[in-house]
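Please read this short report alongside the sequence and the 3D view.

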Amino acid sequence: MSEAQRIRREKVLARRARIWAAIEPAAYLLPFMVSILIFTVYPFFNVVFMSFRQGFDLLTNTDQGIGLYNYQFVLGSRDFMNALTNTGIYVAVVVPVSAALAIVLANLLNRKVRGMAIFQTAYFLPMVTSAMAVGLAWRYIFLRDFGVLNQVLGWFGVDKINWLQKYPWSLYALILFGIWSNLPFTIILILSGLQNIDETYYTVARVDGAKSMRIFFRITVPLLAPTIGLVLTINTISASKVFSELFALFNGPGIGGSLFTVVYYIYEQFSKQKHAWAAAAAMILFVLIFIVTMLQQYIQRKWTY
Amino acid sequence: MHTKHRLRLGAAMMLLAVATFFVCAVLVLYANATTPRGPLPEGTVLMDKTPFKWGMALSVVLFGAGFALNHTHTARARIARSATYALLIFGAVLMVFPFYWMFSTAFKTPRETNVFPPQWLPSTLSLDNFHEAFRKAPFARYFVNSVIITTLSVLATGITTILASFAFSRLKFPGRDILFTLLLSMMMVPFEMLVITNYQTIVSWGLRDSLPALFVPFLASIFYTYILRNFFLSVPDGLYWSARVDGAGNWKYLWKIMVPIARPALVTIMLLNAITSWNSFMWPMMIIESTHNRTLPYGLQVFTTEAGTQFNLLMAASTVVILPIILLFLFARKQILRGVARGGLKG
């Protein structure tokens with residue numbers, strides 16, 4: 001091989017390597033990006049667009065104009081207002097109550113207790129099991145005539161409650177089930193927040209003779225504040241999507257459609273082939289979630305110890 | 001009195017108080033439980049609860065007196081410890097109860113499910129309800145579908161996640177970090193919003209009411225990629241360059257070195273994905289129509305409309321749905337919990 005040939009060959013190899021270096025990342029990203037673009041990015045913008053399309057037909061992908069008609073319809077509908085109220089009450093109760101219970105339980109679990117494996121299994125099982133399946137067990141627990149909850153309440157002299165078929169009670173049943181199923185996830189997040197607190201703070205406080213109540217409110221709570229903020233946000237978002245629980249407990253949105261939730265409303269419009277209405281309702285849900293997330297990030301930035 | 005005796009007396013009083021309180025409380029609850037509802041028949045003698053209520057009040061006083069005699073550091077620590085366990089056990093019982101209720105009802109006879117007060121233990125341990133449920137609805141088929149969908153989804157997402165995480169952490173290309181940030185912001189979009197278009201896409205591909213429709217939209221995940229990318233970023237650069245010097249290309253480095261190192265993170269991702277996929281409910285309900293394409297949770301929902309109030313059958317079917325995940329959780333508890341602590345399993 002002459003010197004000239006060798007140099008030319010090296011140049012070719014170097015160019016190939018350069019080209020490959022440029023293509024390689026694209027090759028690694030291709031399967032991921034294709035899937036995400038088709039099933040996450042495109043759907044998002046498409047739904048935003050769809051929510052403004054009047055008289056939209058999904059199968060032919062045609063509409064009769066662009067406007068705010070879908071939003072007017074959704075915001076004017078009784079079911080959607082009902083859904084907003086129910087979802088609002090559900091979130092307003094489930095999120096703080098499960099956070100408060102989780103703070104107590106996580107503090108207990110954070111002590112050196114024996115039988116941790118058993119406690120972990122007991123506390124965290126509801127998180128991994130299908131809401132539909134355990135919800136059915138709850139439906140049986142809530143039954144008016146043969147339910148075990150009414151039996152236990154009866155021991156304390158409470159009369160039988162129609163948990164599943166009477167409006168405000170059905171919402172309370174949904175809330176109880178919601179707290180129970182949200183608790184494990186909340187405990188785990190708070191527990192990992194607790195474990196990230198530097199042990200030195202406690203040692204110093206104890207050396208200074210601080211009482212445990214004082215330690216809890218002066219050290220644990222402030223240092224846990226960012227975690228609590230995160231938990232409240234994540235839970236607000238996930239609780240505002242309450243849906244499959246309705247099928248498990250009531251086979252639908254409660255007696256006479258009294259227990260609509262936002263996502264159930266979306267599903268209902270969707271199955272009635274009113275896709276643009278579903279899109280508008282989904283947009284409203286998204287905007288609400290977006291506001292909550294922004295609010296949390298704003299507070300988080302303002303409120304760092 | 002000698003200090004030692006005072007402490008012993010205090011401890012004994014506290015123990016006695018706890019025992020008395022417990023016994024009296026149980027007796028009061030028993031009295032309530034056995035009191036018939038409605039108008040009482042002539043000549044019924046009700047159990048008198050008053051002495052037990054007094055007993056409860058007295059035991060509180062006794063406990064206070066005992067604590068006054070023995071409020072040493074050890075006694076306080078013991079009380080705090082017992083209270084911790086008592087609260088934890090009480091909570092654990094409440095959390096586990098629905099599962100116990102499901103499993104025990106799965107063995108009850110139809111008659112035993114419709115009585116008041118409810119029967120807390122089944123009289124037999126026969127598998128009749130499971131046979132009956134499997135006869136009334138094709139749960140075996142649902143089960144196979146769920147296994148297929150979960151496996152395919154976990155494997156496919158695993159591969160796309162590994163490749164993308166590697167590109168986002170190790171490879172260099174213009175706009176990499178901006179692109180990644182934009183993708184992360186998409187995580188805020190609720191899944192419920194995307195399904196409307198995804199339905200449209202799947203229908204236009206002619207995949208409606210087919211098994212592929214159940215996993216094709218879930219071949220990649222931004223969240224799992226985010227977790228794995230962070231793990232990859234924590235691997236020191238030196239490893240990469242020494243592998244390159246030894247002649248390993250990116251591909252070889254990724255599969256021979258990075259993937260084995262990242263095994264814990266990968267296992268966590270796959271477990272979370274398996275759980276989410278197994279439990280997925282809304283999407284199958286939207287896209288599937290035929291019986292033979294249903295997955296377990298959706299099949300269970302349809303079964304509730306068929307089996308109505310036969311809770312022995314419903315609970316047997318529910319048991320079949322959750323048992324695989326419970327087993328998975330028992331075997332891989334630590335990995336799953338580690339993943340959840342990073343915010344997995346939730347939108």
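## Contacts of one residue

Two residues are in contact if their C-beta atoms, placed from the backbone, lie within 7 Å. Neighbours within four places in sequence aside, A:Leu249 has contacts that include A:Trp138, A:Phe142, A:Leu164 and A:Phe177.

This is a predicted model, in which local features need pLDDT of at least 70 and side-chain atom pairs count only at pLDDT 80 or more, while totals for chains, interfaces and linings use all residues. Residues are numbered from 1 along each chain as its sequence is written, and chains are lettered from A and ligands numbered from 1 in the order in which they are written.

## Where the chains meet

The contact between the chains takes 75 residues from chain A and 77 residues from chain B. On the side of chain B that touches chain A, helix H3 (residues 73–105) of chain B gives the most, with 13 residues. Helices are DSSP runs of H or I, at least four residues, numbered from the N terminus.

## Two loop residues

A:Asn251 is not a glycine, yet has a positive phi of about 60°. A:Asn251 lies in the loop between helix H10 (244–250) and helix H11 (262–271) of chain A. A:Asn251 counts as partly exposed because it has 14 C-beta neighbours inside 10 Å. A residue is buried with 20 or more other C-beta atoms within 10 Å of its own, exposed with 12 or fewer, and partly exposed in between.

B:Asp209 also has a positive phi, near 55°. B:Asp209 sits in the loop between helix H8 (191–204) and helix H9 (211–215) of chain B.
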